[in-house]
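Subject: Structure for your review

Dear colleague,

Please find below the structure that I am handing over to you. My notes on what was found in it follow directly after.

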Amino acid sequence: MKILITGGAGYIGSHTCVELLNAGHELVVLDNLSNSKHAAIHRIRELAAGPLEFVKGDIRDTSLVSNLLSQQCQAVIHFAGLKAVGESTQIPADYYETNVSGTLSLARAMDATGVKTIVFSSSATVYGDPSTVPITEDFPLSATNPYGWSKLMVEQILSDLAQADPKLSVTLLRYFNPVGAHPSGRIGEDPNGIPNNLMPYISQVAIGKLPELSVFGNDYPTRDGTGIRDYIHVVDLSLGHLAALNAHHDQAGRYVYNLGTGHGVSVLEMRNAFAKASEREIPYRFAPRRPGDIAACWADPSLANGALNWRAERGLLDMVSDAWKWQSMNPQGYPD
Ligand code: NAD
Ligand code: UFG
C-alpha cells in the first residue's frame, strides 16, 4: 500500500518508515525538516530497500498535500508537529498553527482526494495527572500546556470527522515515553540543543557532552522517590503503527490505543541501566521537581495487545543499549 508519512524524517517517523518498508509498503515522506535532517532519509534508505519518495514541504500547504495524496496514496500516518512541552508555553500560536491547523490542512487534503485512513501520533500527555495507574484509554482527558491542548484538540477534530464521514478510519495512538534507537545505530533521536527528555540527556552525559544529570525530584511517592514513566522502545512503537494500519485500514470508525509496555521505570533505574550498558560514569545530583511533572505514569496496553495483536517486546536493556549505540556511533547526531 502507498502511504503518506508526514514528519517521516523525525525520530519516530524515521523508525516507522524502516518497519513499513520492510513490510513491503511504498512511502511518500513529507517533512519540512524543521526538526530533522535530510541525512535521516538516506539512512532509512540504507536500512530498508523499497520505494520511498521524499518531499520537503509543509503539511499546512494543502494543495501540496492533496497533490501527493492524489498519487495513489491509500493512508496517512501523521507524525508532523511540534513536540516540546516547555517551548509550547513560550510560542503557543506556533504550536496550534502547526499541530492543529496543520492537521486540518491534512484533513482537507484527504477529503479532496478521497483518502480514508489516518493514524495519528497522540500522547499520554492527554491523560494529564492521572488519579491512578495503570492508565486505560477511558481515563479522563485534560491538558496543562499548549502542546497537550493541541493533541487533545486534534483528537477531538479527528473524532468529529470520523463521526461525520462513515467511510473514515481514524486511529489515535497515545504514545507513552518513546526511547532507544534502531539496533543498527544508524537512526536515532537527534535533539536540537540541550535535551529536555531524560534518555537523550543521559546519553549526552554518558558521551561527555553534558557534565551531569539533574534528577528532578527525589521526594515523589514512588519506590525510590524519583519519577516513574512507561518507556517504550521506538522500534516497538513503530511496529504499533504497522499493527494499527493492518487492523484498521479501510475499517471505518474511530479507534484509540495506548502504546506502552505496561511497566514503569524510575529515573534512577534508567540512569543505572544506562550506566551499566554503556560502561560509562553518569554523574547525577538531585534537583527540585520540574514544574508540571507527575509522579508516575504507565499504560495499560491490553486494548492494543488484543485488538491490534501487538505487544512491546523490547526491554529496558534493549532500550539503553540501542540508545547508547546510536549516541556513541553518532556523537554529533546526523551530519548536516
Ligand atoms: P520529531 O520532531 O523528531 O518529528 C516530527 C517531524 O515533523 C520532524 O521531522 C519535523 O521536521 C516535522 N515537522 C514539523 N512541523 C512540520 C510541518 N509543519 N510540516 C511538515 N513537517 C513538519 O518528533 P517525534 O519525537 O518523532 O514525534 C513525532 C510525533 O509523535 C509528534 O507529533 C509528537 O508530538 C508525537 N509524540 C512524540 C513523543 C515523544 O516523546 N517523542 C511522545 C508522544 C507523542
Ligand atoms: N527527568 C529528569 N531529568 C531530566 C529530564 C527528565 O529527572 O533531565 C525526569 C522527569 O522529571 C520525569 C522523567 O525523567 O520524571 C521523564 O521525563 P521526560 O522529559 O523524558 O518525559 P515526560 O514524561 O516528562 O514527557 C514525555 C514527552 C511528552 C509526552 C510524554 C508522554 O516529553 O511530550 O512523555 O508521552 F507527552
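**The surroundings of ligand 2**

A backbone N or O atom of Leu-198 lies 2.8 Å from an oxygen atom of ligand 2. Taken alone, ligand 2 exposes 690 Å², and the protein buries 89% of that. Two elements give two or more residues each to the shell around this ligand, namely α7 (198–206) and β8 (213–216). Of the elements, β8 gives the most, with 4 residues. Please keep in mind throughout that this is a predicted model.

The shell around ligand 2 holds 22 residues, and the closest are Ser-123, Phe-176, Ser-214, Arg-229 and Asp-293. Sorted by class, the shell has 12 nonpolar, 7 polar and 3 charged residues. Two further polar contacts deserve a mention. A backbone N or O atom of Tyr-175 lies 3.0 Å from an oxygen atom of ligand 2. In the case of Asn-177, a polar side-chain atom lies 3.0 Å from an oxygen atom of the ligand.

**The surroundings of ligand 1**

Ligand 1 is surrounded by 27 residues, and the closest of them are Asp-31, Asn-35, Ser-36, Lys-83 and Tyr-147. Two of these residues approach the ligand through their side chains: an N or O atom in the side chain of Asn-35 is 2.7 Å from an oxygen atom of ligand 1, and a polar side-chain atom of Ser-36 lies 2.7 Å from an oxygen atom of the ligand. The protein covers 95% of the 820 Å² of accessible area that ligand 1 has on its own. With Asn-32, the backbone is involved instead: one of its polar backbone atoms is 3.2 Å from a nitrogen atom of ligand 1.

Which elements supply at least two residues each to the shell around ligand 1? They are α1 (11–22), β5 (117–123) and α6 (146–164). Strand β5 gives the most, with 3 residues. By class, the shell around ligand 1 has 10 nonpolar, 12 polar and 5 charged residues.

Strand β5 is mostly covered, with 7 of its 7 residues buried. Both of its faces are covered: Thr-117, Val-119, Ser-121 and Ser-123 are buried on one side, and Ile-118, Phe-120 and Ser-122 are buried on the other. In general, the strands of a sheet pair through backbone hydrogen bonds, either parallel or antiparallel. Strand β4 (residues 75–78) runs parallel to β5, and 3 bridges join the two. Within this pairing, His-78 has Phe-120 in β5 as its bridge partner. Strands β5 and β6 also pair in the parallel sense, over 7 bridges. There, the bridge partner of Val-119 is Thr-171 in β6.

**Two buried residues in strands**

Strand β6 (residues 169–175) contains Arg-174. Is Arg-174 buried or exposed? Arg-174 counts as buried because its relative accessibility is 1%, which is under the 20% limit for that class. A polar atom of the Arg-174 side chain lies 3.2 Å from the backbone oxygen of Glu-137.

Asn-258 is found in strand β11 (residues 253–259). Because its relative accessibility is 0%, Asn-258 also counts as buried. A polar atom of its side chain lies 3.4 Å from the backbone oxygen of Asp-300. Leaving aside neighbours within four places in sequence, Asn-258 is in contact with several residues, including Glu-137, Arg-174, Phe-176, Asp-300 and Trp-310.

An open sheet of 3 strands has the order β12-β9-β14, with mixed pairing. Its edge strands are β12 (265–266) and β14 (296–297), each of which pairs on one side only. Strand β9 (residues 228–229) pairs with β14 in the parallel sense over 2 bridges, and Arg-229 stands opposite Cys-297 in β14.

Finally, Leu-210 is found in the loop between α7 and β8. At 12% relative accessibility, Leu-210 counts as buried. Not counting residues up to four places away in sequence, Leu-210 touches Pro-195, Tyr-201, Gln-204 and Val-205. Leu-210 and Arg-60 are 150 residues apart in sequence and 36 Å apart in space, C-alpha to C-alpha.

Yours sincerely,
A colleague

Methods. Residues numbered from 1 in each chain as written. Chains lettered and ligands numbered in written order. Predicted model: local features only at pLDDT ≥ 70, side-chain atom pairs only at ≥ 80, totals over all residues. Heavy atoms only, no water. Near = heavy atom within 4 Å. Polar contact = N/O pair within 3.5 Å; in protein donor to acceptor, adjacent residues only side chain to side chain. Areas by Shrake-Rupley, 256 points an atom, 1.4 Å probe, with all protein chains shown as cover. Nonpolar A, V, L, I, M, F, W, Y, C, P; charged D, E, K, R; others polar. Pairing = 2+ DSSP bridges. Buried < 20%, exposed > 50% of the residue type's maximum accessible area, 1.4 Å probe, protein only. Contact = heavy atoms within 4.5 Å.
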